[in-house]
Amino acid sequence: MFENNAVCKLLGIKYPIFQGGMAWIGTAELASAVSNAGGLGLIGAGHMPPDVLRKEIQKCKGWTEKPFGVNIMLMSPFVKEVMQVVVDERVPVVTTGAGNPGEYMPALKEIGTKVIPVIASVALARRLVKGGADAVIAEGLESGGHIGEIATMPLIPQAVDAIDVPVIAAGGIGDSRGMAAAFALGASGVQMGTRFVLSEECIAHPNYKNMVLKAKDRSTVVTGRTLGHPARVLANKLTRTYLEMEANGASTEELEQLGVGSLHKATHLGDVENGSVMIGQISGMLDDIKPVKQIIEDMVNGLPAVLESMRGKMGGSL
Ligand code: TUI
């Protein structure tokens, strides 16, 4: 179906479907399952120390023969060391998030690693393509976790018009309709995070998955705007405290202190009231936990019906 798709050709994968990085839960289990199912699995390095990341990469290599990647979170205190690990391990694809990866691109490109930064603005997309990015992931503010300020719908076509490498759409995509919409906007592929949280292979605590299942359209809020690090998370006890402190002018240190360890608390300990549940707005639509292979096949197999339905909605022949 995707024989001539630019992203599939660039990476040697069957379907142009990426799994979002996702610190703590984008593990070798999930990444290898996505790659084995024909998409691109990504190990979410988050704040991982370099030796932990190396082990995760080696596990992934043991579980899949297919291309996979590492998502490097540029605000990590270990960013230089984890970049060195992906170079040493010759990881085929690197995606980056939460910053500008420009300074690291030459070393990655030199060993043939494909570099695909997440961008949240057209200006950064332009700059990174000049610096050698092989493609970009344009991520709208519907996503969970760290976000920019533009929604997916306006971001994708503006990024597509501005650059001449493939654009992968992210943010608010969870089924074939979202995938078709991304292609309609000019994207060449999609990335999904929250949808893959609700997979059998995702190691997130059952309480975490349950919060995604129960979430409605307005269940998430954005914290950290005053710090300049906005993040979309499920509204809970933690966010109520956080937003109240933020509104009352709490210091950066006080706010950062609240966040320390909070993602692990939610993803691994299952404390979804005091922990940080980083999920996207599409949560409201997701109501089943499936094997990764089925998530991907349902996305792809549902496309013809979406195209047919579009013709119907338009109400005339095109
Ligand atoms: O990075 C993400 N999502 C994330 S990162 C994250 S951080 C974290 N927090 C606690 C524990 C562990 C990890 C959680 N979720 N998405 C990609 C993304 N990148 N979204 C937005 C951006 C972005 C924003 C600004 C990319 C570049 C950018 O440019 C700034 C610049 O320097 O020009």
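# Exercises on a predicted model

Arg90 is found in the loop between helix H4 and strand E4 (93–97); helices (H or I, at least four residues) and strands (E, at least two) are DSSP runs, numbered from the N terminus. The model is predicted, with local features needing pLDDT of at least 70 and side-chain atom pairs counting only at pLDDT 80 or more, whereas totals for chains, interfaces and linings use all residues. Residues are numbered from 1 along each chain as its sequence is written, and side-chain values use heavy atoms, with hydrogens and water left out.

**Exercise 1.** Describe the backbone and the exposure of Arg90, and then examine Met22.

Step 1. Phi of Arg90 is near 50°, a positive value in a residue other than glycine.
Step 2. The relative accessibility of Arg90 is 52%, so this residue counts as exposed; the cut-offs are under 20% relative accessible area for buried, over 50% for exposed, and partly exposed in between (1.4 Å probe, protein chains only).
Step 3. Met22 also has a positive phi, near 60°, and is not glycine. Its place is in the loop between strand E1 (17–19) and helix H2 (28–36).

**Exercise 2.** Determine which residues are closest to the ligand and which atoms approach its nitrogen atoms.

Step 1. The ligand is surrounded by 17 residues, each with a heavy atom within 4 Å of it. The closest are Ala98, Gly99, Val118, Glu139 and His146.
Step 2. Look for polar contacts, which are pairs of N or O atoms within 3.5 Å. A backbone N or O atom of Ala98 lies 2.9 Å from a ligand nitrogen atom, and a backbone N or O atom of His146 also lies 2.9 Å from a nitrogen atom of the ligand. From Glu139, a polar side-chain atom lies 3.1 Å from a ligand nitrogen atom.
Step 3. Consider the cover: the ligand taken alone exposes 720 Å², of which the protein buries 73%. These areas come from the Shrake-Rupley method with a 1.4 Å probe.

**Exercise 3.** Find which residues of helix H7 are buried and how they are arranged around its axis.

Step 1. H7 spans residues 152–162, and Thr152, Leu155, Ile156 and Ala159 are buried in it.
Step 2. Viewed down the axis of H7, these buried residues fall within an arc of 95°, so they line one face of the helix. The arc is that of the directions from the helix axis to the C-beta atoms.
Step 3. Met153 and Asp161 are exposed on the other side of H7.
Step 4. The packing partners of the buried residues include strand E5 (114–119), helix H6 (122–130) and helix H8 (176–184), where contact means heavy atoms within 4.5 Å.

**Exercise 4.** Repeat the analysis for helix H10.

Step 1. In H10 (residues 206–214), the buried residues are Tyr208, Lys209, Met211 and Val212.
Step 2. They cover an arc of only 155° around the axis, which puts them on the same side of H10.
Step 3. Pro206 and Lys214 are exposed on the other side of H10.
Step 4. The cover over the buried residues of H10 includes helix H9 (194–197), strand E11 (231–234) and H13.

Methods: A polar contact is a pair of N or O atoms within 3.5 Å; within protein, one must be able to donate a hydrogen and the other to accept it, and residues adjacent in sequence count only if both atoms are side-chain atoms.
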